[in-house]
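Visitor: Could you take me through this protein model, one topic at a time?
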Amino acid sequence: MSFPPSPTESIDWSNVGFKVRPVNGHVSCTYTLSSGQWTEPEFVTDPFLRIHAMAPGLNYGQQCYEGLKALRNPDDKSIHIFRPDANAKRMQYSAKFVAMPEVPVEVFEKAVNLAVARNAEFVPPHASGASMYIRPLMFGSSAQLGLNPPEEYTFLVFVLPTGVYHGVHPVDCLVLEDFDRAAPHGTGSAKVGGNYAPVLIHSEAARAAGYGITLHLDSKERKYVDEFSTSGFLAIKYGKQEGEKTKLIVADSNNVIKSITSNSVQQIARDFGWEVEVRQIDFEKEIKEFDEVMAAGTAAALVPIKSITRKSTGTEVKFAYGDNNPEGVMKLLTALKGIQSGVNEDKHNWRKQVVEA
Ligand SMILES: Cc1ncc(COP(=O)(O)O)c(C=O)c1O
């Protein structure tokens, strides 16, 4: 049979959603301090793991994870993964924060390829606009009581077919003020699970109050934009005078995840001839001056922000486009998706073709 197989008919591809579904299996590797090496990536069909309950991954949050995507080309006959090398490097960066060994880029890419290849029929058809979400994760996995790094580490790659997380329509945003996601010299820039669970109670309360997304300001001064709880912050200012370029402004901070989606969109904006500024954004001073604001992340790609509310200062900014998708965000999103799905030329060599494994 030729590779890749066609998409399975067991899934309604027009209504994929964002949920965990059964697939053929996942990939697993282990590392021991005594061997100093990762085992060969192995395909495992059982999604349940057998690990000792005293593993530091379960007790001390010694864990990190990643998120990336695979998509089918327009003819459905090849599958590509978007920027796996960038996710591999970010996982190395995160692992260091929690005293775990690095997964070499080649091992990461081999494991991700194996996970997608053996689940290729779950990569959605091109025409659905959906994609396969890839979740690499890693944790301290041997039983250990003392608070020092354990002997064994497990690296896994799970995959699942997904639709679009937030949907492509503008959402209302609330600035979270009762809780700091990241300390000034803390772990905010690492993709470790411990940064995420503490946000849930706040993001769920915001959702119940009608806010589809939540924003964090810097924890020290509560002055500068950090990031959304699940994505990077980008804004657009139109060139209003003759010869003035459209500007993409990206919130920079030491305490945010370096978003690969944001990085890609910055390059696309430069390719359009826009100006790109990566810098601190003073929330109260600048937020009203932006023409468009968006959230950038792998799961949702780009999500336009309809309004931003900060209760303590009574700041409420409503962007002029309201419920309509704004022009600049849509232009970036169309270009990004076009590259990811093989419609547009991949001139920065971001895509890696999945090979049979
Ligand atoms: C807190 C946070 N910020 C930003 C991002 C966006 O990163 P990326 O575009 O690489 O998915 C994510 C998702 O990974 C995230 O969890």
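Predicted model: local features only at pLDDT ≥ 70, side-chain atom pairs only at ≥ 80, totals over all residues.

Visitor: Which domains does the protein have?
Guide: The assignment gives domain 1 (26-163) and domain 2 (171-340); such bounds come from an automatic or database domain assignment. Their centres, taken over C-alpha atoms, are separated by 27 Å. The contact takes 19 residues from domain 1 and eleven residues from domain 2, where two residues are in contact if their C-beta atoms, placed from the backbone, lie within 7 Å.

Visitor: And which element gives the largest share of the side of domain 1 that touches domain 2?
Guide: Helix 2 does, with six residues. Strand 4 (63-65), strand 5 (68-72) and helix 2 (84-97) each supply at least two residues of that side. Helices (H or I, at least four residues) and strands (E, at least two) are DSSP runs, numbered from the N terminus. By class, that side of domain 1 has ten nonpolar, five polar and four charged residues. Here Ala, Val, Leu, Ile, Met, Phe, Trp, Tyr, Cys and Pro count as nonpolar, Asp, Glu, Lys and Arg as charged, and the others, Gly among them, as polar.

Visitor: Changing topic, how many residues surround the ligand?
Guide: There are 13, and the closest are Ser259, Ile260, Thr261, Gly297 and Thr298. A residue is near a molecule if its C-beta atom, placed from the backbone, lies within 6 Å of it. Helix 5 (260-272) and strand 15 (292-297) each supply at least two residues of this shell; three residues, the largest share, come from helix 5. The shell divides into three nonpolar, nine polar and one charged.

Visitor: What does UniProt place at Lys191?
Guide: An unreviewed UniProt entry places "modified residue: N6-(pyridoxal phosphate)lysine" there. UniProt positions are given in the numbering used here, feature names are shortened, and annotations may be inferred rather than shown by experiment. Lysine 191 is in the loop between strand 9 (171-175) and helix 4 (197-208).

Visitor: Is lysine 191 buried or exposed?
Guide: Lysine 191 counts as buried because it has 23 C-beta neighbours inside 10 Å. A residue is buried if 20 or more other C-beta atoms lie within 10 Å of its own, exposed if 12 or fewer, and partly exposed in between, with C-beta atoms placed from the backbone. Leaving out residues up to four places away in sequence, lysine 191 touches Cys64, Tyr65, Glu66, Arg90, Ser94 and Ile257.

Visitor: What about strand 8, how many of its residues are buried?
Guide: Nine of the eleven residues of strand 8 (residues 152-162) are buried. Strand 8 pairs with strand 1 (residues 26-32) in the antiparallel sense over six bridges, and two strands pair if DSSP finds at least two bridges between them. Ten bridges also join strand 8 to strand 7 (residues 131-140), again running antiparallel.

Visitor: Last one, which bond joins phenylalanine 3 and proline 4?
Guide: A cis peptide bond joins them, with omega about -5°. Most residues other than glycine have a negative phi, and most peptide bonds are trans. Aspartate 76, although not a glycine, has a positive phi of about 65°. Aspartate 76 lies in the loop between strand 5 and strand 6 (79-82).

Note on methods. Residues numbered from 1 in each chain as written.
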